[in-house]
Amino acid sequence: MLIDTHTHLDSKKFDNDREAAIQRAREAGVEIMINVGFDRETIPSTMELAEKYEFIYAVIGWHPVESIHMREEDLEWIERLSAHPKVVAIGEIGLDYHWDTSPKDVQHEVFRKQIQLAKRVGKPIVIHNRDAHEDVVRILREEKAEEVGGVMHCFSGSWETAKQCLDMNFYISFGGPVTFKNARVPKEVLAKVPEDRLLIETDSPYLSPEPYRGKRNESAYVAYVADAAAVILGKDRKEIEKITTDNAKILFGL
Ligand code: NI
C-alpha cells in the first residue's frame with residue numbers, strides 16, 4: 001500500500017480525466033491521497049474531493065507565492081475549515097524566493113501567521129520551500145513549529161538543512177526528482193534521512209518522475225518514487241511502502 005502525501009488532483013489539468021486518474025492511482029496501490037488546496041479556488045475544490053472520496057484527505061493553507069493576496073478573512077476561513085475531520089494539516093505554507101510575486105516581508109508574515117494558526121488548531125504543517133532554506137528554518141525555529149511538526153514537502157535542500165528540520169520534529173518528503181539520473185543531492189539526502197521520518201509524494205500534476213519526466217504527473221506515479229527510494233536504500237519496494245505508509249499515518253493521524 002502506498003500513500004501519495006502531496007497531490008493536486010483538483011487541478012484543472014485533471015478536468016478531462018480526474019476520475020480515471022484517481023482510479024489509476026488506486027490500481028497502482030495508492031490507497032490514500034492527500035490533496036493540497038492553497039488559495040481561494042483550490043481550497044474549496046480540495047474540500048469537495050475530500051468529501052466525495054473516503055480515501056482522499058485534505059491539507060489547506062495559503063501558498064507563499066500568493067502571500068500578497070491573503071486577507072485576514074482568508075486566514076479566518078482556513079481556521080474554520082480546518083476543524084473539518086478530513087483536514088489533516090495546514091499547508092502548503094512557507095517561502096518561495098524563486099517566483100518573485102510576493103515581497104519577502106509579506107511572505108514571512110503570512111508564513112508566521114499560519115504556523116500560529118496550526119498551533120491553535122493542533123495540526124501539523126506542510127512546508128513549501130523554494131530557494132529560501134535559511135529563512136524557512138529560522139522562522140520555523142522562531143515560531144516553535146516543533147510543537148506541531150510537519151513535513152518538508154518535495155525536499156530539495158542540502159543534508160544540513162534536512163538535519164535542522166529533522167531536529168524540529170519534521171518529516172522529509174521526496175518526489176519525482178529522486179528518480180532523475182542527475183539528481184545527486186536529493187538522492188544523498190534521502191539515503192541519510194532516518195527511516196521513521198521518510199515520506200514520498202508526487203506533487204502532481206507537477207514534477208513527474210522518470211519515465212514521465214516533463215509530462216503531466218499523477219498520483220499513480222508515486223510508485224516510481226517508491227521504486228527509486230528502494231534502490232537508493234537497498235531495500236525491497238514492499239519495505240519502502242510499509243515505512244512510508246506508517247510514517248504518513250502517524251504524521252497525519254490517518
Ligand atoms: Ni504542492
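Predicted model: local features only at pLDDT ≥ 70, side-chain atom pairs only at ≥ 80, totals over all residues.

Colleague: OK, and how many bridges join β6 to β7?

Modeller: There are 3 bridges between β6 (residues 150-152) and β7 (residues 170-174), and the two strands run parallel.

Colleague: What's the strand order in the sheet they belong to?

Modeller: The order is β1-β2-β3-β4-β5-β6-β7-β8, an open sheet of 8 strands with parallel pairing. At the edges you have β1 (2-7) and β8 (198-200), each pairing on one side only. On average, neighbouring strands are turned by 30 degrees against each other, direction ignored.

Colleague: Which strands does α8 touch?

Modeller: Helix α8 (residues 222-233) packs on the sheet and touches β1, β2 (30-37), β7 and β8. The helix direction makes about 110 degrees with that of β1.

Colleague: Switching topic: which residues coordinate the nickel ion?

Modeller: H6 and H8, both through NE2, plus E92 through OE and D203 through OD. The distances run from 2.1 to 2.5 Å.

Colleague: How are those donors spaced along the chain?

Modeller: They follow H-x1-H-x83-E-x110-D.

Colleague: And why is the arrangement irregular?

Modeller: Because the 4 donor atoms subtend angles of 85 to 176 degrees around the nickel ion, while tetrahedral would need all angles between 85 and 135 degrees.

Colleague: Last one: is H6 buried or exposed?

Modeller: H6 counts as buried, because its relative accessibility is 1%. H8 counts as buried too, at 3%.

Definitions and conventions
Residues numbered from 1 in each chain as written. Heavy atoms only, no water. Donors = N, O, S within 2.8 Å, 3.2 Å for Na, K, Ca; no water. Tetrahedral: all angles 85-135°; square planar, octahedral: opposite > 155°, others 65-115°. Buried < 20%, exposed > 50% of the residue type's maximum accessible area, 1.4 Å probe, protein only. Pairing = 2+ DSSP bridges. Helix = DSSP H or I, 4+ residues; strand = E, 2+ residues; numbered from the N terminus. Axes fitted to C-alpha atoms, helices over the stretch in contact; angles between N-to-C directions. Contact = heavy atoms within 4.5 Å.
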